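Hi everyone, thanks for making time this morning. Let me put the model up on the screen, and then I'll walk you through a few parts of it.

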Amino acid sequence: MNETIIPGIRDGLKASGRQDEPPIILRSHDTDGPRVLHEALPLYKNIYTMSKYTGESLTTYQPGGPWGETHQQLAAAAPIHIENVHILANLEPWRWASPTFVKKTMDAMHRVHHAKGLHLYPQASYWDWPYTADKLPNGERMLQIDRDKMWYAVWGRYAWKNEHTDDMSYWQKVVAQEYGTDEHTAQQIIKALDESGEIAPKLLRRFGITEGNRQCLLLGMKISQLVNPYKYTIYPGFYESCGPAGEKLIEYVEKEWKGEKHHGELPLDIVEQCVKHGDNAVEALKGLSSKITRNKAASERTDRNCANAFARSIKGCAYLLNNSDSFCSARIAVPSNPTHFVTRISIPGLTAEVVLSSFSMTAPIAVTVRTGSVTHRTTCVCPPITGTSSFSHTSSTCASPRAARQP
């Protein structure tokens, strides 16, 4: 910063005859921001800081943990601290634009992280910009700026000013114009946006191993990953920073076995909440089709069916953990007739006709897997939505809750 960046900027300012100091934005991704600012601010006053809000996914309006502390430290050290809403891996490929969620998130950015600025990424399909993942007739492609207008509108409104006295009437007018309908119908669409908007954030923060852009929500996770996330390396700080305090599925089942008291946000509660959110979204849209004259297909999309499918998978994981007392290998033994267990859940079957791919990141990604004392590194590619299964009971090795946390 002091020996290269600032001198280079000053050379450019001198050559152009400018007397001001345009802002330098220092990202915290791999930098000790407070230390750099301590050394650099005496030489150049207009340095901003930036850090990812909850990593590379949108997971909560209750941030905290070590990543929250990083935001606070950067905000204290710089004149302006900027929140980066980054990649949104868990929202792909769905439409997402919840006014209530975004308003609460902007409040948390100000109140918890002490931020004063916003850097907003596209809502989905970042790596495919400017196109969405929607599958259209004749191979046509939809532009993100058209499909996701509401995404930019909600962030823009609450980034500019978080408190408004006319929120519902404002969004009713916006949505009514977008879908060519009356304001009562628009109110129902807004309810569907808010209800469905809770699903992906809640699922990832309670069942994922990372918010990173390789996670792609929970799509493709094997049963062994869901029952024993420690084996697949939980990203440090993820659970503490990306949602309220709570329990992983493996912790929940272990406490059930031991008769211990639970605390915070619980995995099976989240499953039921997400199914309910999906049901509420569908109910809010029921009977509205005849009242919508524009963008009708977009108004009818929610992720209710996928939420229900994932709920069955989690209940299956809980069944396995409850009925496993030691390590099992090769394949998880599937009970003959547990009514709540589904051995294969075809998320692609629910989505293959409406989206081209589940995820726009298709570059090889390094993955670390631990087996006993041995660490394996391999690569994987996030594929298009093809094949038959996103969640499968096939697995290499799984562990009981009693043994799972051993490295």
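Let me start with a term: a residue is buried when its relative accessible area is under 20%, exposed when over 50%, and partly exposed in between, using a 1.4 Å probe and protein chains only. By that rule Cys 274 is buried, with a relative accessible area of 1%. Cys 242 is buried too, at a relative accessible area of 1%.

A quick word on provenance. This is a predicted model, so local features need pLDDT of at least 70 and side-chain atom pairs count only at pLDDT 80 or more, while totals for chains, interfaces and linings use all residues. Residues are numbered from 1 along each chain as its sequence is written, and side-chain values use heavy atoms, with hydrogens and water left out.

Now the sheet. Helices (H or I, at least four residues) and strands (E, at least two) are DSSP runs, numbered from the N terminus, and two strands pair if DSSP finds at least two bridges between them. Here four strands make an open sheet, ordered 1-2-3-4, with parallel pairing. Strand 1 (24-27) and strand 4 (117-120) are at the edges with a single partner strand each, so one side of each has no neighbour in the sheet. On average, neighbouring strands of this sheet are turned by 30° against each other, direction ignored.

Let's look inside it. Strand 2 (residues 47-52) runs parallel to strand 3 and is joined to it by four bridges; Thr 49, for instance, has His 81 as its bridge partner in strand 3. Strand 3 (residues 81-85) has five of its five residues buried, so it is largely enclosed by the rest of the structure. His 81, Glu 83 and Val 85 cover one side, and Ile 82 and Asn 84 the other.

On to the helices. Helix 9 (residues 199-207) is also largely enclosed by the rest of the structure, because nine of its nine residues are buried. Among them are Lys 202, Arg 205 and Arg 206.

Finally, how do helix 7 and helix 8 lie relative to each other? They are roughly perpendicular, a label for angles of 65 to 115 degrees; under 35 is roughly parallel, over 145 roughly antiparallel, and the rest oblique. The axes of helix 7 (residues 167-179) and helix 8 (residues 183-196) come within 8 Å and cross at roughly 100°. Axes are lines fitted to C-alpha atoms, for helices over the stretch in contact, with angles from 0 to 180 degrees between N-to-C directions.
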